[in-house]
Amino acid sequence: MAIPVLRPFSTNIHLFHPIHKPKHLSYCAPPSSSLSNLVSSEAGVCLTVGTHLIPHPDKVEKGGEDAFFVSSHGGGVIAVADGVSGWAEKNVNPALFSRELMTNASSLVDDEEVNYDPRSLIRKAHAATTSIGSATAVVAMLESSGVLKIANVGDCGVRVIRKGQVVFSTSPQEHYFDCPYQLSSEAVGQTFIDATVTTVELMEEDNIVMGSDGLFDNIFDREIVSVISSCDNVSDAAKALANLAHAHSKDSSFDSPFSQEARAQGFDVPWWKKVMGMKLTGGKLDDVTVIVGQVKSTLSS
């Protein structure tokens, strides 16, 4: 993942470490972990949440560069940030910015000025972050009425699955291929103003799948639906999705969403390989962060 203007292309890219608070769970990446937790504090609906993360194989010792948090505030808040790996070329640890951003967000989620607004949360968390670097980020807040509010900067993403179908999907924001919009310590980056903000009315038993690009670059929506449908609970679903994305990322023959987009953007094998019927394939080696939330009635929970 590149910093704007710096543009190293790579065909392969991965994630996280924990800080606990009573209501807000903030993570930045042990080698792998999962969490199943009912997050709710008001009458109406809430989220049952499962998480799983797998760091890039080359970044396991440092815990990867993704971070996330889960909060019980309102109907539930979930968020993911993905540190931009290009900073490593400047001798900056890309994980520091994403971890601090999520730690700040978790501490500000019930701030009066934030007013339970995901873009305001991004604004205040970004302003409070002092680390050098940049990160993509997505925040989703569920109101107890069932309205999900989402703010997204970059290529972390969200899918909403209802009765075996994807009924909502965020779209990645990019300057150009493999260089997403990003919150940054530098003026060249984006701010909360650039966030795509959407609202979705949810129903009981809807599933929310949130992840870093390590998930969505390596798994098709149809695979996400299949995994969600085959799992008994959100914790198992998050783990299964992360494991599948990780396996695809290491498979050079898998025609991944990333390789398909790369070809569409003009990146492919040399012409003489095309003559032989060959094409650019393979997953994108990366940190993989997955949060799966299922909407439940607080009365039935």
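1. Let me start with a salt bridge (a side-chain nitrogen of Lys or Arg within 4 Å of a carboxyl oxygen of Asp or Glu): the side chains of Asp-206 and Arg-162 meet in one, at 2.7 Å from N to O. Asp-206 sits in the loop between strand E14 (196-201) and strand E15 (207-211) and Arg-162 in strand E9 (residues 157-162), so the pair ties together parts 44 residues apart in sequence. Helices (H or I, at least four residues) and strands (E, at least two) are DSSP runs, numbered from the N terminus. Asp-206 is buried at 2% relative accessibility; buried means under 20% relative accessible area, exposed over 50%, partly exposed in between (1.4 Å probe, protein chains only).

2. A word on the basis: this is a predicted model, where local features need pLDDT of at least 70 and side-chain atom pairs count only at pLDDT 80 or more, while totals for chains, interfaces and linings use all residues. Residues are numbered from 1 along each chain as its sequence is written, and side-chain values use heavy atoms, with hydrogens and water left out.

3. Lys-296 is partly exposed at 22%, and so is Glu-205 at 41%.

4. The salt-bridge count comes to 13. Glu-143 and Lys-149 form one, with 3.1 Å between the closest N and O atoms; Glu-143 is partly exposed at 26%, whereas Lys-149 is buried at 14%. Asp-178, Asp-213, Asp-217 and Lys-284 are linked in a network.

5. Have a look at E4 (residues 45-54), where ten of ten residues are buried. Both faces are covered, with Val-45, Leu-47, Val-49, Thr-51 and Leu-53 on one side and Cys-46, Thr-48, Gly-50, His-52 and Ile-54 on the other. Ten bridges join E4 to E16 (residues 288-297), and the two run antiparallel; strands pair if DSSP finds at least two bridges between them. Val-45 stands opposite Ser-297.

6. Helix H1 (residues 94-108) is mostly covered too: twelve of its 15 residues are buried, among them Phe-97, Leu-101 and Leu-108. At its start, a side-chain oxygen of Asn-93 comes within 3.0 Å of the backbone nitrogen of Ala-95.

7. Finally, Val-275 in helix H7 (residues 271-275) is exposed, with a relative accessible area of 64%.

Technical notes: Polar contact = N/O pair within 3.5 Å; in protein donor to acceptor, adjacent residues only side chain to side chain.
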